[in-house]
Amino acid sequence: MQGRPGRLPGRPPRHAHSQVSCLSFTHNITSARHRSSPRSTARRDARALPASTMSSLQALVGLTLLCVASRAAAEIPIPDFIIVCKRTDPQVDQCIKRSVEELRPHLVRGIPAFNVPSLEPLIIPEIRVGESTGIRIRARNVKAYGCSDFKINRLRVDLARNDIEMAITLPKLYILGDYTVDGRVFLLPVRGAGQLSGNMTDCKGDVHLRGTVSNRDGVDYLKYDTLAVRIAVGRGSLHLDNLFGGQQTLGDIVNAAINSNFKAFFGELRPSVERALSQEFLSVANKIVTSVPYEKLFPAS
């Protein structure tokens, strides 16, 4: 779908509306000035202009300058690390792959120009492990490290449908949070609270984006409506501190039991992790693509 080239809007959405308001208000002032100045066959000296007309002219000039200044301030140039890919390029898949790989290191510290925060760490509000494992664990304010270190193994794009599929690898994920636990392990009642930590390696993920192109102020922009992440973990371990009030022996028994059945535990953790990754990656993608006209991101030639 082809868009029309246009100036880049500013990050705050109100800029685009302010430009329209400026133009409309300028037109209204101009119209009012003409209405207030009926035609006359007599020659009029500039010094004889009514005060109301002079005020309108001054307001028109001032507002025009203000509109030009605000429009210039609203423009955001495309950063050098974003590779522009032509949609007619037969190797557009590889081009977009390179563009994402160039973008990835900048996600570690964030991208202020697009109001993109750092992905390190990724905050997961809550993780729950339910009854199917025999023990209920609830972790809050979980921080996940390593999310920006993904590697793209395969990428397929369909620009006509605004559809992208990727297969990625996350070499390492480390999580840290505060937990409460209640349940039984080997018929032993387990209750407690403390810090949860987890290491996961060789994580494989499938990412699927679906988007639409819509017109805003006469310019086409891409927006991704959905982004789904599905992940699988090669190896992993969890550790719960302060079990049984800090009794080391009993705590080690419970942690060993959890890790001997890690795949079942991760099956419970996975929906929360996938949801957090999906939401954050979707937010990052849209903060970038909705700020740059489609024709500038994917020009025809």
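Author: Asp163 belongs to strand E4. The model is a predicted one, and the values that follow are computed from it. Is Asp163 buried or exposed? With a relative accessibility of 4%, Asp163 is classed as buried, because the cut-off for that class is under 20%. Setting aside the neighbours within four places in sequence, the contacts of Asp163 are Arg156, Val157, Asp158, His208, Leu209 and Arg210. One of these, Arg210, is 47 residues away from Asp163 in sequence, yet the two C-alpha atoms are 4.8 Å apart in space.

The largest cavity holds about 570 Å³ of space. It is lined by 25 residues, and those closest to its centre are Val100, Leu103, Leu209, Tyr224 and Ala285. Strand E4, which spans 163–185, is among the elements that give two or more residues to this lining; the others are H3, strand E5 (188–216), E6 and H6. Which element provides the largest share of the lining? That element is H6, with five residues.

H6 covers residues 262–289, a run of 28 residues. From its first C-alpha to its last, H6 reaches 38 Å, which is close to the 40 Å expected at 1.5 Å a residue. Where is H6 kinked? The kink, of about 40°, is at Leu269, shortly before the proline Pro271.

Glu280 is found in H6. Its contacts, apart from neighbours within four places in sequence, are Pro117, Leu119 and Leu122. Between Glu280 and Leu122 there are 158 residues of separation along the chain, whereas their C-alpha atoms are separated by 8.0 Å. The other glutamate, Glu274, forms a salt bridge with Arg230, in which the closest N and O atoms are 3.9 Å apart. Arg230 lies in strand E6 (residues 219–232) and Glu274 in helix H6, so this pair ties together parts that are 44 residues apart in sequence. Glu274 is buried, its relative accessible area being 10%.

The structure holds 14 salt bridges. Another of them joins Lys97 to Glu101, with the closest N and O atoms 2.8 Å apart. Both residues lie in helix H3 (residues 92–103), and they are four residues apart, about one turn of the helix. In an α-helix there are 3.6 residues a turn, so residues three or four places apart point the same way. Lys97 is buried, at a relative accessible area of 17%, while Glu101 counts as partly exposed at 31%.

A further salt bridge is formed by the side chains of Glu126 and Arg128, at 3.0 Å from N to O. Glu126 counts as partly exposed at 28% relative accessibility, and Arg128 counts as partly exposed at 46%. These two residues are also part of a network of salt bridges that links Glu126, Arg128, Arg138 and Arg140.

Key
Residues numbered from 1 in each chain as written. Predicted model: local features only at pLDDT ≥ 70, side-chain atom pairs only at ≥ 80, totals over all residues. Heavy atoms only, no water. Expected span 1.5 Å × (residues − 1). Bend = angle between axes of the 7 residues up to and from the residue. Salt bridge = Lys/Arg side-chain N within 4 Å of Asp/Glu carboxyl O. Buried < 20%, exposed > 50% of the residue type's maximum accessible area, 1.4 Å probe, protein only. Contact = heavy atoms within 4.5 Å. 1 Å grid on protein atoms, 1.4 Å probe; cavity = no way out; pocket = protein on both sides within 12 Å on 5 of 7 lines; lining within 4 Å. Points joined across faces, edges and corners; volume = space filled by probe spheres on them.
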